[in-house]
Amino acid sequence: MNSIYDYTLDELKSELKPSFRAKQVYNWLYKKYVNSYDEMKNIPKDLIEILKKDYPIEILEIVKKEQSLDGSIKYLFRLRDGHTVEAVLLLMKKRVENEDGNVEQSEKYTVCISTQVGCKVGCSFCLTAKGGFVRNLTVGEIVNQIVQIKRDNDIAENKSLNIVYMGMGEPLDNYDNFVHSVKVFSELDGLAISRRRQTVSTSGLSTKIEKLGNEDLGIQLAISLHAVDDELRSELIPMNKAYNIKSIIDAVKKFPVDTRKKVMFEYLVIKDKNDDIDSAKKLLKLLDGIKAKVNLIYFNPYPGTSYQRPQRDDMIKFQEYLITKGLLCTIRESKGLDISAACGQLKEKEANGSS
């Protein structure tokens, strides 16, 4: 049975009669964040009974959350079948008020959401991979992560935020549900999250990158590259044997990019693995001819991993080399280091009964 969160507004209009009721329901779900049809005061009782029966409001239960000193909040959600997934609310900019109490700068948020329970990709640096793959999330389960986080933090309906499909799972491996969730998120009468504010991060399913490019949804693309040669990338991302670096670069070159944007290449920096200047030189050559931005990411250690966090000096040298050669490069400052911020950590902690 479908959840009410599975539907775009047009789809819901085609299901409900009279069709204007769909917009009212959308308003209650995505503007007021209600969790029950009984709270929808302008919906007739007979329609409410139909909605309860045929279009349940599927709610993700917040099992656990951890808040960092930097304002980031990590959520562990329980699904209807008992499985759990993670999402993270990242406070990118804090609220700033002047001495008169007037707001000079409001908060800016990014939410990192999951698309699968577990993951098939099997990245050696990722804790999620330890649990293997269980199933894809439904459209409603993807969408409801944002709804519950906005609700839990009293984030106003008109407050825009950014979405990154960068949590548990490979979004393009759950292609249809991921694409559909993009459309639900961008509904102006719903959450109204512009597609330009949505970024899909993929480990490099090149055929799906091409397919996504052909749909021209207007979303942003991020590639989890992490290595500059197939030998190391296959160690880090075993799926690279099926989708090697060349196939990924070829697919990216065909992807439609907003004239104001660049393709993001995420490069997880691991001490003594890929943090040297020789790797920076190879990366520069690899991305030649692509409207690219490189985001260097500190490896975030977790118990049991053999990989280590790089030295900050090495990160800066890597960044400066790329910048001096004309390639835009940033260092993602780690958030949530004092909590279970890395993907899969909170799920693992809960499973082991840790506090």
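Q: Which residues does Tyr307 touch, leaving out those up to four places away in sequence?
A: Tyr307 touches Ser124, Phe125, Glu235, Leu236, Ile270, Lys273 and Phe299. A contact means heavy atoms within 4.5 Å. Bear in mind that this is a predicted model: local features need pLDDT of at least 70, side-chain atom pairs count only at pLDDT 80 or more, and totals for chains, interfaces and linings use all residues. Residues are numbered from 1 along each chain as its sequence is written, and side-chain values use heavy atoms, with hydrogens and water left out.

Q: Where does Tyr307 lie?
A: Tyr307 sits in the loop between strand 13 (292-298) and helix 10. Helices (H or I, at least four residues) and strands (E, at least two) are DSSP runs, numbered from the N terminus.

Q: Is Tyr307 buried or exposed?
A: Tyr307 is buried, with a relative accessible area of 11%. Buried means under 20% relative accessible area, exposed means over 50%, and partly exposed is in between (1.4 Å probe, protein chains only).

Q: And how far apart are Tyr307 and Val269?
A: In sequence, they are 38 residues apart. In space, their C-alpha atoms are 9.9 Å apart.

Q: Back to Lys273. What does Lys273 form with Glu235?
A: A salt bridge, with the closest N and O atoms 2.8 Å apart. The term means a side-chain nitrogen of Lys or Arg within 4 Å of a carboxyl oxygen of Asp or Glu.

Q: Which parts of the chain does that pair link?
A: Distant ones. Lys273 is in the loop between strand 12 (263-269) and helix 9 (277-286), while Glu235 is in helix 7 (residues 230-236). They are 38 residues apart. Lys273 is partly exposed at 32% relative accessible area, and Glu235 is partly exposed at 35%.

Q: How many salt bridges does the structure hold?
A: The structure holds 18. One of them joins the side chains of Lys23 and Asp189 (3.7 Å, N to O).

Q: Why does the pair of Lys23 and Asp189 tie together parts 166 residues apart in sequence?
A: Because Lys23 lies in helix 2 (residues 20-30), and Asp189 lies in the loop between helix 5 (175-185) and strand 10 (198-202). Lys23 is partly exposed at 44%. Asp189 is also partly exposed, at 29%.

Q: What about Asp250 and Lys246, where do they lie?
A: Both are in helix 8 (residues 245-254), four residues apart, about one turn of the helix. Asp250 forms a salt bridge with Lys246, and the closest N and O atoms are 2.8 Å apart. Asp250 is partly exposed at 30%, whereas Lys246 is exposed at 56%.

Q: Which residues do salt bridges with shared partners join into one network?
A: Glu58, Arg80, Asp81, Arg135 and Glu141.

Q: How do strand 1 and strand 2 pair?
A: In the antiparallel sense, over six bridges; strand 2 covers residues 73-78. Glu66 stands opposite Lys74 in strand 2, and Glu61 stands opposite Arg78.

Q: What about strand 2 and strand 3, in which sense do they pair?
A: Antiparallel, over six bridges, with strand 3 being residues 84-93. Ile73 has Leu89 in strand 3 as its bridge partner. In the hairpin of strand 2 and strand 3, Gly82 takes a positive phi near 95 degrees.

Q: How many of the residues of strand 2 are buried?
A: Five of its six, making strand 2 mostly covered.

Q: How many of the residues of helix 5 are buried?
A: Eight of the 11, so helix 5 is largely enclosed by the rest of the structure. Among the buried ones are Tyr175, Phe178 and His180.

Q: Last one: which residues of helix 9 and helix 10 meet?
A: Ile277, Ser279, Ala280, Lys281, Leu283 and Leu284 in helix 9 meet Lys317, Phe318, Tyr321 and Leu322 in helix 10.

Notes. Two strands pair if DSSP finds at least two bridges between them.
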